[in-house]
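Please keep the sequence and the model open while reading.

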Amino acid sequence: MNSNEIFDKLKSEFGDDIISLTEEKNYDPYITVKRKNIKQICLFLRDIDGLNFDYLVNLTGMDWGKELGVVYHLYSISLKHRIVLKVFLSKENPVIPSVERCWKSANWHEREAWDMFGIQFENHPNHIRILCPYDWEGHPLRKDYVEQETYHGMRVPV
Amino acid sequence: MGQRKTIEIDYGAVDTDRMRLNMGPQHPSTHGVLRLEVELEGEIVTEVVPHIGYLHRCFEKTCEFMTYPQVIPYVDRLDYISSMNNEWPFVMGVEKLLGIQIPEKIEYIRVILAELNRIANHQIAVATFGMDSGAFTPFLYLFRDREMILDLFEKCSGGRLLYNYFWVGGLQHDIPPTFKEDCLAIIKKVRETNAEVNNLLIKNKIFIERITNIGILPADVAINFGCSGPVLRGSGVPYDLRKDEPYSIYDRFDFNVIVGEGAMGTLGDCWDRNIVRVNEMEESCKIIEQAIAQMPDEAVDVRALVPKRVKTPKGEIYCKTENPKGELGFYIVSDGSTQPYRMRTRATSFINLSVLPEISKGYMISDLIMILGSIDIVLGEVDR
């Protein structure tokens, strides 16, 4: 199934939650969606015949400057097609439902997105940091990140 | 052969306290700086919680402050025993953004080096896996042979483990004049030793009894956890990017995708993951032989297309290759400058490790060591 057909199928099911499909040079085709029903959209993509996106290749947080975002790279092992989902989140309230129930691999990816970007995933079973120490301050991959000066009395090198 | 199954615990009948034990971060069989918090009921594992991040060195953040060519040496240090493979998806992604079509001969050189590095990686994986189970001799044989591959890499790039050899648009240096003969000598030796290791270790009854029917990973669970490489193929899923979405020139070679068949026990157990690696070495040998036969003879300037200054157009690209451990991908977001705006790494070992708590419950603590060994992780890649 090509990205246009996937987009149409999503659009007919979810309507306004699906914003646009972008196919440009130097871009993998991506669909921008609203955050509210992301879990239902993912379950739909995973379970409906003809879509069968059973494999979450990659999930990552993004800092676009003015707002944050989450990018999902999906793949279907049985049907061998790909699609990218993009969600934009405000910097003041970066909350999005977790898709851990759709793909277990999202568990660690979402923990990393929380760790690095401070994006909160609702209903995540283990919402803690993963790469930084558990009591680290701030979210390092944000563009406006400022390192803490000391950690347990040790000076943090700059 | 006796069937060993997950041990069901009747908690009412067992009157012991559960114990929480830290395995690592400094423990020889965790293959690096990994801490496993294990909950035990007697000797039986009831829960495993991996704690990672001890080697975290802000790889993704560092990349945002570097130009594209400067990133390549850092990419080497992700999975530091298959560095050639790591460089490939990155340079391929940047070349795709720049629209560079690299000469055929360089593609062949890259394929040969990547496959040699795959053999070297699997040699380490099988060797350390054998060592985990107490077999020391095959470890020495495989490490001795791996040195031949590293010698060839040293002749090419000057580095033994970290090469910085694949450059955007070409290679760092041309291959040495004895390249073809060296490759053929390596393949001959790899085959000889594999036959020997097969007799010593792989078909050894003690080894088979030790690793069959533990750490069983069903195919649907493996897919759901996003596993790739030998971990996924060991469960019988023939997912290999070299076949499914052939990149570079992989569509020109004739080779098989090795999958686990549950030949000695249950499909998807430790034995299956290990045998996939052993047999993949032979497939890599086949690819190298074909590549050497097809490779054009005329000399080519490997730096002819290397840009003086890499400035990518605006774009977002996810570029992936089939690494020895699985799918390694880089999601490169470019804002039109000489530095990546964001460089997300889909680290194979990171995702493969996340399945460990799922497949190690209900086995003995000594089985946990074997299960971890069968996943074949490198902590440099897990922690980034």
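Which residue takes a positive phi in the hairpin of β9(B) and β10(B)? It is B:G336, with phi near 90°. That hairpin has 5 residues between the strands.

## Ground rules

This is a predicted model: local features need pLDDT of at least 70, side-chain atom pairs count only at pLDDT 80 or more, and totals for chains, interfaces and linings use all residues. Residues are numbered from 1 along each chain as its sequence is written, chains are lettered from A and ligands numbered from 1 in the order in which they are written, and side-chain values use heavy atoms, with hydrogens and water left out.

Helices (H or I, at least four residues) and strands (E, at least two) are DSSP runs, numbered from the N terminus.

## The chain B sheet

Three strands of chain B make an open sheet in the order β8-β9-β10, with antiparallel pairing. Strands pair if DSSP finds at least two bridges between them. β8 (315-323) and β10 (340-346) of chain B are the edge strands. Each has a single partner strand, so one side of each has no neighbour in the sheet. On average, neighbouring strands are turned by 15° against each other, direction ignored. Axes here are lines fitted to C-alpha atoms, for helices over the stretch in contact, and angles run from 0 to 180 degrees between N-to-C directions.

β8(B) and β9(B) (residues 326-334) run antiparallel and are joined by 9 bridges. They form a hairpin with 2 residues between them. B:N323 has B:G326 as its bridge partner in β9(B). B:E316 is bridged to B:V333 of β9(B). β9(B) is mostly covered, with 9 of its 9 residues buried. Buried means under 20% relative accessible area, exposed over 50%, and partly exposed in between (1.4 Å probe, protein chains only).

## Helix α3 of chain B

α3(B) covers residues 83-98, 16 residues in total. From first C-alpha to last it reaches 23 Å, close to the 22 Å expected at 1.5 Å a residue. The expected span is 1.5 Å times one less than the number of residues. Just after the helix, B:G99 takes a positive phi of about 75°.

## Chain A against chain B

How many residues of chain B are in contact with chain A? The count is 43, and they meet 40 residues of chain A. Contact means heavy atoms within 4.5 Å. The two chains bury about 3,600 Å² between them, 53% of it on carbon and sulfur atoms. Buried area is the accessible area (1.4 Å probe) that two parts lose on being put together, summed over both. In chain B, B:N224, B:E316 and B:Y341 lose the most area to chain A, together 17% of what that side buries.

A:S105 sits in the loop between β6 (95-97) and α3 (106-117) of chain A. Its relative accessible area is 3%, so A:S105 is buried. Leaving aside neighbours within four places in sequence, A:S105 is in contact with A:L56, B:N224, B:F225 and B:G226.

## Cysteines and disulfides

A disulfide is a covalent bond between the sulfur atoms of two cysteines. The rule used is a pair of cysteine sulfur atoms within 2.5 Å. By this rule there are 0 disulfides over all chains.

B:C58 is partly exposed, at 38% relative accessibility. For B:C156, the closest cysteine sulfur is in B:C183, 7.8 Å away and too far for a bond. B:C156 is buried, with a relative accessible area of 3%.

B:C58 lies in the loop between β5 (44-51) and α1 (59-63) of chain B.

A:H152 has a positive phi of about 50° although it is not a glycine. A:H152 is in the loop between β8 (150-151) and β9 (154-155) of chain A. At 58% relative accessibility, A:H152 counts as exposed.
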